[in-house]
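Open the model in your viewer and keep the selection panel at hand. The tour goes stop by stop, with a selection at each one.

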Amino acid sequence: IGRKNSSSEAPNDRLLGGLLSPEFDDKSCLSRYQSMLYRKASPHAPSPYLIRRLREYEALHKKCAPNTHLYNESIEQLKSGRSNGTMECNYVVWIPHNGLGNRVLTIVSSFLYALLNNKVLLVHIPSDFTDLLCEPFPGTSWVLPSDFPVHNFLDFDKGTPQSYGNMLRNKVIDDEMLSGSSNATLPAYVYLHLPWYYDQWDKLFFCGDAQRLLRRIPWLLLKSDHYFVPSLFLLQEYEEQLRQLFLERATTFHHLVRYLVHPTNVVWDYVTKYYRAHLAAADETLGIQIRVFHNFPVPFESMLRQVINCSLSEGILPAVNLQERAAPASKTDTKVKAVLVASLFSGYSERIRDMYAEHPTTTGEVVRVHQPSHEERQHTEQQGHNIKALAEVELLSFSDALITSAWSTFGYVAQGLGGLQPWILLRHTQSDLPCRQAMSSEPCYLMPPPFPSSHCSKDHGDAGEAAAARQYVRQCEDELGGIKVF
Ligand code: GDP
């Protein structure tokens, strides 16, 4: 058992203040009701309205689940190729794209989008992603059946004629349809192309008229690699719902990711064994996530210096006395800080470990450095690699303090699960500071559509929408062009 909250907590804490349904069998997914034993207690309670909407969503999901009568009806509609308005069950199909962090961010974003529109979220689980996450909704499944009739959806990309952007560009969807004044039949499905390389047509998804039109389409297939929730906050459509769902807006991701993401027993076993062996005995734990991107290379020594400068200048780790050699720890009351390093490379943790092994700290504390794996390269196509990645995200989320890398969705997921405000290692092109503490545990929408939403057609009444909503987002700490919920 973890050390954090094992004592007396409110009896409903096991359910995270009502966020989680009590209906699950514990053993099938141990992490669901155990994570809170390892993480710092969250001071953020979910709103009663969020809890109610989640329970309603769970009922809807059960009613519309794969292979139910209503699911089959919606599938028949899909096969017919056209839509006569919404069905009783309408769906958002999540298409995986890029690494684990990207995937978790887009699952959460897609879920909120589905929740706001009373649609049901189904996820395609490729073989590299099987047995990583538990089912999040009780008594049902969120897995898209393998006989889903749109066979080539994994190939959907910017050139796909069924994408919302291309349908606008090619006038398959015209102004009359958007304004709701046309009787023309709508397609049975639309592909929402929202990865970072989306174009100005795809971005029109984030306009009020698009949202109203897409609500009438029974099947939406969505591919993204970003946390697009901040742009949902800018839509007047959702203003009132979101206000009630998230009384503290900057806890949106924190609540949703803890609701949806529960590692399977295989992953959890790895996490808890590692935790007990290396972290449980420490007085304090620090997570350091070091991500170096191929398209933004940083020399090893510069990155190491930045990590150490950040840790020391922010008082996260104690300084060492370079004049002295470290003596073996003798006193039993010595305070121990455990550092968990997550990185594809082993060099950083080795150097930090050496620093504290060779010299005593100026505070008398002992610093122990651990790194569970060093995979050298990203291998999202390998399930075993993804298990380690998810396990490390979980371990990072248990930390008392967290240092993350700018632009990394891997770090965003850890901070959200832990409800932590990380110190972000900034890119040297952005700042001379080694790091800056984030204002919340919200992820950044790194490449949002134009904001305010002046790109939306004036004819369709979106002008001014963003003005009222501007108070809901702020510029990100790690990307000046990015926005985060505030
Ligand atoms: P991002 O690219 O940093 O935004 O994060 P993603 O999670 O989307 O993609 C990076 C992928 O590289 C991860 O999912 C892992 O597969 C791998 N990776 C990157 N950093 C680490 C790490 O510290 N530990 C492990 N185990 N894998 C990592």
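## Stop 1: the parallel sheet

Select Val92 and look across to E3, where its bridge partner is Leu121. This is a predicted model. Now extend the selection to strand E2, residues 91–95. E2 and E3 run parallel, and 4 bridges join them.

## Stop 2: the mixed sheet

Next, select strand E8, residues 336–343. It runs parallel to E9, with 5 bridges between the two. Pick out Val336: its bridge partner in E9 is Val366.

Colour the whole sheet. It is open, with 6 strands in the order E9-E8-E7-E10-E11-E12, and here the pairing is mixed. Its edge strands are strand E9 (366–370) and strand E12 (435–437), which pair on one side only. On average, neighbouring strands of this sheet are turned by 20° against each other, direction ignored.

Now show helix H15, residues 409–418. H15 lies across strand E7 (284–290) and strand E10 (401–405). Its angle to E10 is about 160°.

## Stop 3: two packed helices

Select helix H4 (residues 100–116) together with helix H10 (residues 252–260). How far apart are their axes, and at what angle do the helices pack? The axes are 10 Å apart and the angle is about 100°. H4 and H10 are therefore roughly perpendicular to each other.

From H4, show Val104, Ile107, Val108, Phe111 and Leu112. From H10, show Phe253, Leu256, Val257 and Leu260. Colour the contact by class: it has 9 nonpolar residues, no polar and no charged.

## Stop 4: the two domains

Zoom out and colour by domain. The domain assignment gives domain 1 as 48–260 and domain 2 as 265–437. Their C-alpha centres lie 35 Å apart.

Then select the interface. Here 18 residues of domain 1 are in contact with 19 residues of domain 2. On the domain 1 side, H4 and H10 each supply at least two of the residues that touch domain 2. H4 gives the largest share of that side, 5 residues. By class, the side of domain 1 that touches domain 2 has 8 nonpolar, 7 polar and 3 charged residues.

## Stop 5: around the ligand

Finish at the ligand. Which residues come nearest to it? Of the 21 residues around it, these are Gly99, Leu100, Gly101, Ser408 and Thr409.

Now show the elements that give two or more residues to this shell: H4, E8, helix H14 (383–397) and H15. H14 provides the largest share, 4 residues.

Keep the domain colours on. The shell draws at least three residues from each of domain 1 and domain 2. Switch to colouring by class, and the shell around the ligand divides into 5 nonpolar, 12 polar and 4 charged residues.

Note on methods
Residues are numbered from 1 along each chain as its sequence is written. This is a predicted model: local features need pLDDT of at least 70, side-chain atom pairs count only at pLDDT 80 or more; totals for chains, interfaces and linings use all residues. Two strands pair if DSSP finds at least two bridges between them. Axes are lines fitted to C-alpha atoms, for helices over the stretch in contact, and angles run from 0 to 180 degrees between N-to-C directions. Two residues are in contact if their C-beta atoms, placed from the backbone, lie within 7 Å. Angles under 35 degrees count as roughly parallel, over 145 as roughly antiparallel, 65 to 115 as roughly perpendicular and the rest as oblique. Ala, Val, Leu, Ile, Met, Phe, Trp, Tyr, Cys and Pro count as nonpolar, Asp, Glu, Lys and Arg as charged, and the others, Gly among them, as polar. A residue is near a molecule or strand if its C-beta atom, placed from the backbone, lies within 6 Å of it. Domain bounds come from an automatic or database domain assignment.
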